[in-house]
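Please look through the sequence and the model first.

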Amino acid sequence: MRFLLETEHTDLANSIDSMLTRADLPAVVRSWNDGDRGPGLAVWARLADTGVTALLIDEASGGFGAGALEMVVAAEQLGRHCVPGPVAETIGAVPTLLAGTDRTDLLEALVAGELATLAVPDAVPYAADTEAATHRLLLAGTTLSTGEVVTTHASVDRARTVSVLAPADTVATDIDGSAAFDHGALATAAQLLGLASQMLALSGAYAISRTQFGRPIGSFQAIKHHLADVAIAVEMARPLVHGAALALDGAVPPGGDASRDVSAAKVAAGQAAYLASRVGLQTLGAIGYTQEHDLSLYLTKTRALLTAWGTPALHRDRVLRSVTAPVGAP
């Protein structure tokens, strides 16, 4: 099985990276934190123009009909730039969920750049960023409905809120939400991978520029070995994320389990991001968690996404149940 990205995937990543770099995302995130979502929504409009919100939507509804691999390539870049808003829901879970319905109007709205959020009790009890989302959906059992916000809570990530939804109007019935959950979890894993990569870059840059005893602190084993551990964790998680995407796209070998692969990727990416956050904070010291430093934006988003779309315990349990199930068991 081939795990290297093709040229079109690297081109997609480079295009998104270039666009987000020009947008000065740290300033955008800080505006979002202060309640001004205008710059952030403008970034989402440009992402829609690039086709990011249309990747998983079929061509009949104005999308590209791409797969999970393209989704994770995009989500990693959105994580790397700390893009605010309901990323996993808008580009992953909701398009997958709506694909089995006749609600082409909602799919076309996503293509146009409107944001969507989703709650799926019990695994995803809260809908993220309902204030920014045009479409709020709730999947209770097999019934998909629009959601009315009951209560909203602040998150450790100031650019994120979580809300409890109550069902309103029915959108569709007899919905199987398992594929949507897998796509949401995998998109979150890709975001965490992007967060980890950027925290490593920020930490490495600081370790090179900061000097102590006449030498860059990155030359000391106490720093460089920790940074090397982060680099290893990131590079070990990346093929799991890409492999899970291939599994969701149908490239599952005999005896394979796409949901297990998604959970393994979510756990590995979460561990890499958590390690990157701790090492980053150790490397930069107290300045790293001040709001004035960009690292703080990544620290808080990492903490928020670690438990989004399934806690580490839930995903470890899914892996365990899969590998210990009798051969031939469902």
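The text below covers an annotated span, a sheet with a helix across it, and a pair of helices.

The model is predicted. In UniProt, an unreviewed entry lists residues 8-102 as "domain: Acyl-CoA dehydrogenase/oxidase N-terminal". This span is 65% helix and 0% strand, and its end C-alpha atoms lie 30 Å apart.

An open sheet is built from 5 strands with mixed pairing, in the order β1-β3-β4-β5-β2. Its edge strands are β1 and β2, each of which pairs on one side only. Strand β2 pairs with β5 in the antiparallel sense, over 2 bridges. A128 has V162 of β5 as its bridge partner. Helix α5, residues 87-98, lies across β1, β2, β3 and β4, and runs at about 70° to β1.

| β1 | 116-119 |
| β2 | 127-128 |
| β3 | 135-140 |
| β4 | 143-154 |

On the α9 side the contact is made by K266, G270, A273, Y274, S277, G280, L281 and L284, and on the α10 side by L295, L299, T302, L305 and L306. The residues of this contact divide into 8 nonpolar, 4 polar and 1 charged.

Definitions and conventions: Residues are numbered from 1 along each chain as its sequence is written. This is a predicted model: local features need pLDDT of at least 70, side-chain atom pairs count only at pLDDT 80 or more; totals for chains, interfaces and linings use all residues. Side-chain values use heavy atoms; hydrogens and water are left out. Contact means heavy atoms within 4.5 Å. Helices (H or I, at least four residues) and strands (E, at least two) are DSSP runs, numbered from the N terminus. Ala, Val, Leu, Ile, Met, Phe, Trp, Tyr, Cys and Pro count as nonpolar, Asp, Glu, Lys and Arg as charged, and the others, Gly among them, as polar. UniProt positions are given in the numbering used here, feature names are shortened, and annotations may be inferred rather than shown by experiment. Two strands pair if DSSP finds at least two bridges between them. Axes are lines fitted to C-alpha atoms, for helices over the stretch in contact, and angles run from 0 to 180 degrees between N-to-C directions.
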